[in-house]
Amino acid sequence: MNSWTRRDLLKTAGWAGASALTGLSSLPAADLSKKPNIVFILSDDAGIDLFSCYGSDRFKTPQIDALAGEGVRFQTCHSAPLCGPTRCLFLTGRYAFRTGGLTNQSWNAAGGMGPNSSQEIGIAKLLKQAGYATCCAGKWRQVGETPGDWGFDEWITDPTAGGWYWQKSYTQNGKLVELDKEVYCPDVVHDFAMDFIRRHDKEPFFLYYPTHLVHGPILRTPDSAADSKDLYADNVAYLDKVVGKVVAEVDRLGLGKNTVILFSGDNGTAKQSGTIGGRQVNGAKASMWEGGTRVPLIARWSGNTPKGKVIKDLVDFSDLFVTFGELADAKLPEDRVYDGRSFAPQLLGKTGKPREWIFVQLGKQWYVKEQGWKMNQNGDLYDMKEAPFEERLVPADTQNEAAAAARKRLQAILARLNPAGGKTESIDPKAAAQGKKAKQNKKKKL
Ligand SMILES: [Ca+2]
């Protein structure tokens, strides 16, 4: 569609919030054909330190850099520190203490307390109601049931709990597909995803593309040299290539102006984060430090997003749900709290209503963070001026006025959110005990 028309639509929409927390509003009712397609590529275990547009010292990611050059790049996007909680946050738009999507164990068969698709309204269902064809292509592990249960029309994923690269099987639309020889599953997923967008190029579509790259095990890629000394770099390069291929196919189909392509990561880099400008990013995957949750967020909507703009606004993963909802002109359910703030205006070069703080949770640990300060579940206050490299604990008896004021503000936010008053158990203790007993009995019999 004509980008100026859409800008005008957004300008006149008013952006009246559907709830005090979300800032989501509806665009004026529009012709379905004018709704933008949404392609969301979610990489795995990839913090900002892996990407050259974020200043990585080690890797070059030309395709992802090009996407950022043609669109906008958010400097301060936070996921949860692990796969499962981040994916739940994205799928539901609600913080973990509301849904129970607290840890990777929240969906274990033995008493996991994570949400199911009848309790929460998944993003695919929301967009489907708004007229979208929906597809999930890639990793689904650590969230219960199947993508189909959560509202995806078409889906392909892995049937195993292990890594999913060179395999002889996968699950496509609920059916196990078994092959005679190993295939490189990221390529199978890519072909499935591109076939989906080609078949739906005349209607609004939502492609959720959670690639397994670059989660371990780190294996050779089809592009790895026989004597490759750095398979990890090969995996980062393959991820970059995949992103470039998605963008190229969207453009080849002539859909660039009507497709928002987003790229992000589900948590920080595994084991150890890298350096940016010679400085070590603090923490890594699974930690509550910056390196656990600072992930890339890049968005391109050709003709609409300003080219190469770097946005410093805080974003957390609950924001994706309401942003996609806004782009799709979807009606947000009114019977529950949504925690996100739409960044759709920022995609159009507008100021929008940036968040003043973000919230991150993993199990019984959490923190709230402003641009300059952060407070965790114990009330520890950190000066974040040097983030993501340093997080300085502020002494409890500090006389610094700015720190004292920040302490008060962050305490008030946490008191209002009250995570401790929500869901706090990932596993039902009773079911877990029963599961343990059953396991012991089985062992005895053996
Ligand atoms: Ca992950």
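Residues are numbered from 1 along each chain as its sequence is written. Because the model is predicted, local features need pLDDT of at least 70 and side-chain atom pairs count only at pLDDT 80 or more, while totals for chains, interfaces and linings use all residues.

**The whole chain**

Begin with the protein chain in cartoon view, where there are twelve helices and 17 strands; helices (H or I, at least four residues) and strands (E, at least two) are DSSP runs, numbered from the N terminus. Of the 446 residues, 50% are buried, where a residue is buried if 20 or more other C-beta atoms lie within 10 Å of its own, exposed if 12 or fewer, and partly exposed in between, with C-beta atoms placed from the backbone. Among the contacts with a separation of 6 or more, 65% join residues 24 or more positions apart, a contact being two residues whose C-beta atoms, placed from the backbone, lie within 7 Å.

**Helices α6 and α7**

Next select helix α6 (residues 185-199) and helix α7 (residues 231-252), whose axes come within 11 Å and cross at roughly 15 degrees. Axes here are lines fitted to C-alpha atoms, for helices over the stretch in contact, and angles run from 0 to 180 degrees between N-to-C directions. The two helices are therefore roughly parallel to each other (angles under 35 degrees count as roughly parallel, over 145 as roughly antiparallel, 65 to 115 as roughly perpendicular and the rest as oblique).

On the α2 side, P62, Q63, I64 and L67 meet D240, K241, V243, G244 and V247 in α7.

**Helix α11**

Move to helix α11 (residues 401-417), whose 17 residues should span 24 Å at 1.5 Å a residue, which agrees with the 25 Å between its end C-alpha atoms; the expected span is 1.5 Å times one less than the number of residues. Colour A406, L410, L414 and L417, the buried residues of α11: they fall within an arc of 65 degrees seen down the axis, so they line one face of the helix. That buried set packs against β13 (358-362), β14 (365-369), β15 (373-376) and β16 (381-383). The face turned away carries exposed residues, including E401, K408 and R416. Just after α11, N418 takes a positive phi of about 50 degrees.

**Two single residues**

Select D319, found in helix α9 (residues 318-327), which counts as buried with 30 C-beta neighbours inside 10 Å. Leaving aside residues up to four places away in sequence, D319 touches G340, R341, S342 and F343.

Finish at H215, in the loop between β7 (205-210) and α7, which counts as buried with 22 C-beta neighbours inside 10 Å. Its C-alpha atom is separated by 9.0 Å from that of T269, 54 residues apart along the chain.

Definitions and conventions. The arc is that of the directions from the helix axis to the C-beta atoms.
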